[in-house]
Amino acid sequence: MYFNWKDSIDENELNIVSQSIKNGEIVIMPTETVYGIGANLFDEEAVKKIFIAKNRPQDNPLIVHIGSKSEIEMVAQTPNAIEQALIDAFMPGPFTIILKKKDCIPDIVSAGLDTIGVRMPSTEIATRIILRVGNPIVLPSANISGRPSGTRIEDIREELEPKVYAIVDGGESKIGLESTVVKVIDNVPVILRPGKITPADIEKVVGSCQIDKNVFVQPEKVVDAETPGSKFEHYVSKIECNLISGDNNDKIIEKINSIIKEKDGRVALIAFDDITDKIDISKDRLFSIKKSDSIEKNSEEYAEKIYRYIREAEKTDSVLVLIQAVKEEGLGIAIMNRLLRTSSFKIIKVD
Ligand code: TXA
Ligand code: MG
């Protein structure tokens, strides 16, 4: 079933969607970060359907999504002062906090860990569905495990439509990258997965913030994973991707042109428009991100488009996708965390 709620939520359809989740079905729905596949948290059979649909490793736990802050106590032990400060500051929003779980959480959800990730989306669609279901849901990203997350229905339908009961279309995801995942360890917030909520945002609230040592480590080299997610391949493209980085645009353009020549033109390029405008290649291989004077705006624009562009670039008959790297600061930390994985850590440095 397909429901179009781009303009407004249809009350009858909201009942159908929520009731189907209550009854053990799985449903794709939008959030402000990326689309998710939802199931009733307390229905193990329904949760199992998600693992099967996504082909997700059994030992990768799911995040619980709540419709109001009062639902935290349904799933987690009482947060400590620092955790509470983060909850107050960043929920609802693109933020997941790892808390000590309650015994009622099915093992299949937490993959045997004694903790549970909790997130409260800020979009009306997800919130209203969860509240109508009457209890929290699990909502992993809507993609086959290992692939980039889905940020618009066209991309998701291809991969998942036959495997789910219903799809709710809320238009393109605003942020485009998954939530920041944070665990407070010895009273210090540690970012396990970077996202829109940055280390600086967290520092402002509680005075400190660390980034987990595995955030920029290749999955096969990860030891002592704080999050099971860091051990698996993520955001992988169907064709080879290489990052290209450097401060001098003229040199980057020169390098890209020489690679295009070497590959007989069968290269797709994802880059800011001050680069793509100057590349001599057919327009359908060029994926431009609008560049402005603000670093923050540039990263927001980039995050919003990147998964969609990777999928579109795959559909050109290219043998290589070149992706412009961004600075690892602010939201750029999250972008680079994803892109390094997409490109299997292959980065062409141009100086
Ligand atoms: O923005 C988001 O968070 C999206 C939208 C749909 O809400 N959801 C999402 O869920 O990205 P998922 O399942 O694709 O990613 C959850 C990540 C995984 O990398 C998982 O390993 C980690 O969170 N995770 C879940 N529970 C954890 C726990 N108890 N401790 C550490 N990491 C955990
Ligand atoms: Mg995911």
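This is a predicted model: local features need pLDDT of at least 70, side-chain atom pairs count only at pLDDT 80 or more; totals for chains, interfaces and linings use all residues.
Residues are numbered from 1 along each chain as its sequence is written, chains are lettered from A and ligands numbered from 1 in the order in which they are written, and side-chain values use heavy atoms, with hydrogens and water left out.

**Ligand 1**

The shell around ligand 1 holds 25 residues, and Thr-33, Asn-60, His-65, Ser-141 and Ser-179 come nearest; a residue belongs to such a shell if one of its heavy atoms lies within 4 Å of the molecule. The table gives polar contacts, a polar contact being a pair of N or O atoms within 3.5 Å.

| Side chain (N or O atom) | Distance to an oxygen atom of ligand 1 |
|---|---|
| Thr-33 | 2.7 Å |
| Ser-141 | 2.9 Å |
| Arg-193 | 2.9 Å |

On its own, ligand 1 has 690 Å² of accessible area, of which the protein covers 96% (Shrake-Rupley method, 1.4 Å probe). Strand 4 (63-65), strand 6 (115-119) and strand 10 (188-193) are the elements that give two or more residues to this shell, and strand 6 gives the most, with three. Strands are DSSP runs of E with at least two residues, and helices are runs of H or I with at least four, both numbered from the N terminus. By class, the shell has 11 nonpolar, nine polar and five charged residues; Asp, Glu, Lys and Arg count as charged, Ala, Val, Leu, Ile, Met, Phe, Trp, Tyr, Cys and Pro as nonpolar, and the others, Gly among them, as polar.

**The second largest pocket**

A pocket is an open set of points on a 1 Å grid over the protein atoms alone, with protein on both sides within 12 Å along at least five of seven lines; its lining residues have an atom within 4 Å of a point. The second largest pocket holds about 400 Å³ of space, the volume being that filled by probe spheres set on the points. Of its 17 lining residues, Phe-272, Lys-291, Ala-325, Val-326 and Lys-327 lie nearest the centre. Strand 12 (241-245), helix 9 (249-262) and helix 11 (295-314) each supply at least two lining residues, with the largest share, three residues, from helix 11. The lining comprises six nonpolar, seven polar and four charged residues.

**His-234**

His-234 is placed in the loop between strand 11 (210-211) and strand 12. This histidine counts as buried because its relative accessible area is 19%, the cut-off for buried being under 20%. The side chain of His-234 reaches the backbone oxygen of Gly-229 at 2.9 Å.

How values were computed: On a 1 Å grid over the protein atoms alone, a cavity is a set of points where a 1.4 Å probe fits but cannot get out, and a pocket is an open set with protein on both sides within 12 Å along at least five of seven lines; lining residues have an atom within 4 Å of a point. A polar contact is a pair of N or O atoms within 3.5 Å; within protein, one must be able to donate a hydrogen and the other to accept it, and residues adjacent in sequence count only if both atoms are side-chain atoms. Buried means under 20% relative accessible area, exposed over 50%, partly exposed in between (1.4 Å probe, protein chains only).
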